[in-house]
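This report describes selected local features of one protein chain. The sequence and structure are shown first, and the description follows.

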Amino acid sequence: MSKSDNPLTHAAIDISNEPVHWDLGDSRSYGEYLNLDKLLSAQQPNTFEHDEMLFIIIHQASELWMKLCIHELTAAIRHIQRDELGPVDKCLTRMARIQAQLTQSWDVLATMTPMEYSAFRNSLGKASGFQSYQYRMLEFLIGNKNAGMIEVYKRSPETYALLQRVLQTPGLYDETLALLSRRGFGIPAEYLDRDWSQPYQASKQVAAAWLAVYHSREQHWDLYELAEKLVDLDHQFQLWRFSHMKTVERIIGYKRGTGGTSGVSYLNKALELRFFPELWSVRTSM
């Protein structure tokens, strides 16, 4: 067999007939459009340790994914307010795919050993993922409100004010219950007009409304679909939190977190949280 007949032979791709734009003229390039000069210069390790670059990139990439989650959630809330559930399905489906990416990132970080992390951990000082304002904003947008959590952001008045606004605004679940009420389901009045900065408390009446949706899914298919998308959102968050906790346990054991929390013990508490408690409780009633 000649070299030219060998399918494993390496050869340059022929682009002689490709109308490539070698001269971009006034058009922005790929790198300029994506601001790659800024993006790729944002990795500034504190040490010369090899694995610190991994640590920085994992967390920066997670913040970018969370920015997209916030973009999708904000749109979903707006559509629910308008009773436009078709686009909500697309937004929450996309967010589920993003959450899968976020969960998978812990597998990459878990390739770092305890010794490799301890080599640069002290250089982080008090910096911690606990201080991620985008993560806090995500939880507030979904409906997990905790006013005390924003105190750590007081050093940044702009961020603090942003989180205050989101804290005091109805979240995804609040707007969903308002939608159920508009559709004729029995949502208690105190769940339609309350102090939105306070944590949500599960309601038997809300659970009954969701149970009615499930039992009459043919007549309320869009609400039924929305319910399942919300469950998926909650479920994916649980997977992300669990992977986070196990990765932290694998790398630092039961040391205290750099942000001051108890570390793994604190992350274990977060596993008990449910964004949409009635959507889980009604499963027992079906």
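Phe185 is located in the loop that runs between α8 (172–182) and α9 (204–215); helices (H or I, at least four residues) are DSSP runs, numbered from the N terminus. The model is predicted: local features need pLDDT of at least 70, side-chain atom pairs count only at pLDDT 80 or more, and totals for chains, interfaces and linings use all residues. Residues are numbered from 1 along each chain as its sequence is written, and side-chain values use heavy atoms, with hydrogens and water left out.

Phe185 counts as buried because its relative accessibility is 12%, where buried means under 20% relative accessible area, exposed over 50%, and partly exposed in between (1.4 Å probe, protein chains only). Which residues is Phe185 in contact with, leaving aside its neighbours within four places in sequence? They are Leu180, Ala209, Ala212, Val213, His220 and Leu223, contact being defined as heavy atoms within 4.5 Å. For Ala209, the C-alpha separation from Phe185 is 5.7 Å, although the two residues are 24 residues apart along the chain.

## Tyr133 in helix α6

Tyr133 belongs to helix α6, which spans residues 133–142. With a relative accessibility of 36%, Tyr133 is classed as partly exposed. Apart from neighbours within four places in sequence, the residues in contact with Tyr133 are Tyr153, Thr159, Leu162 and Leu163. Ile150 is 17 residues away from Tyr133 in sequence, and the C-alpha atoms of the two are 8.4 Å apart in space.

## Packing of α5 and α10

Two packed helices are described by the angle between their axes and the distance between the axes. For helix α5 (residues 114–121) and helix α10 (residues 221–252), the axes come within 8 Å and cross at roughly 85°. Helix α5 is therefore roughly perpendicular to α10. On the α5 side the contact is made by Pro114, Tyr117 and Arg121, and on the α10 side by Arg250, Ile251 and Ile252.

The axes are lines fitted to C-alpha atoms, for helices over the stretch in contact, and angles run from 0 to 180 degrees between N-to-C directions. Angles under 35 degrees count as roughly parallel, over 145 as roughly antiparallel, 65 to 115 as roughly perpendicular, and the rest as oblique.

## Salt bridges

How many salt bridges does a search of the whole structure find? The search finds 10, a salt bridge being a side-chain nitrogen of Lys or Arg within 4 Å of a carboxyl oxygen of Asp or Glu. One of them joins Asp89 and Lys229, with an N to O distance of 3.8 Å. This pair links distant parts of the chain, since Asp89 is in helix α4 (residues 85–109) and Lys229 is in helix α10, 140 residues apart. Both partners are partly exposed: Asp89 has a relative accessibility of 29%, and Lys229 has a relative accessible area of 22%.

Helix α10 also contributes Glu228, which forms a salt bridge with Arg283 at 2.7 Å between the closest N and O atoms. Arg283 lies in helix α12 (residues 277–285), so the pair ties together parts that are 55 residues apart in sequence. Glu228 is partly exposed at 30%, as is Arg283 at 31%. Salt bridges with shared partners connect Asp83, Arg183 and Asp222 in one network. A further salt bridge is formed by Glu151 and Lys154, whose closest N and O atoms are 3.1 Å apart; Glu151 is partly exposed, with 39% relative accessibility.

## Positive phi angles

Asp83 is not a glycine, yet its phi is positive, at about 60°. Asp83 is placed in the loop between α3 (52–81) and α4, and its relative accessible area of 35% makes it partly exposed. Asn35, also a residue other than glycine, has a positive phi near 55°. Asn35 lies in the loop between α1 and α2 (36–39) and is partly exposed at 39% relative accessibility.

## Surface features

Arg155 occupies the loop between α6 and α7 (157–167). Is Arg155 buried or exposed? Arg155 is exposed, because its relative accessible area is 81%.

Key:
Helix = DSSP H or I, 4+ residues; strand = E, 2+ residues; numbered from the N terminus.
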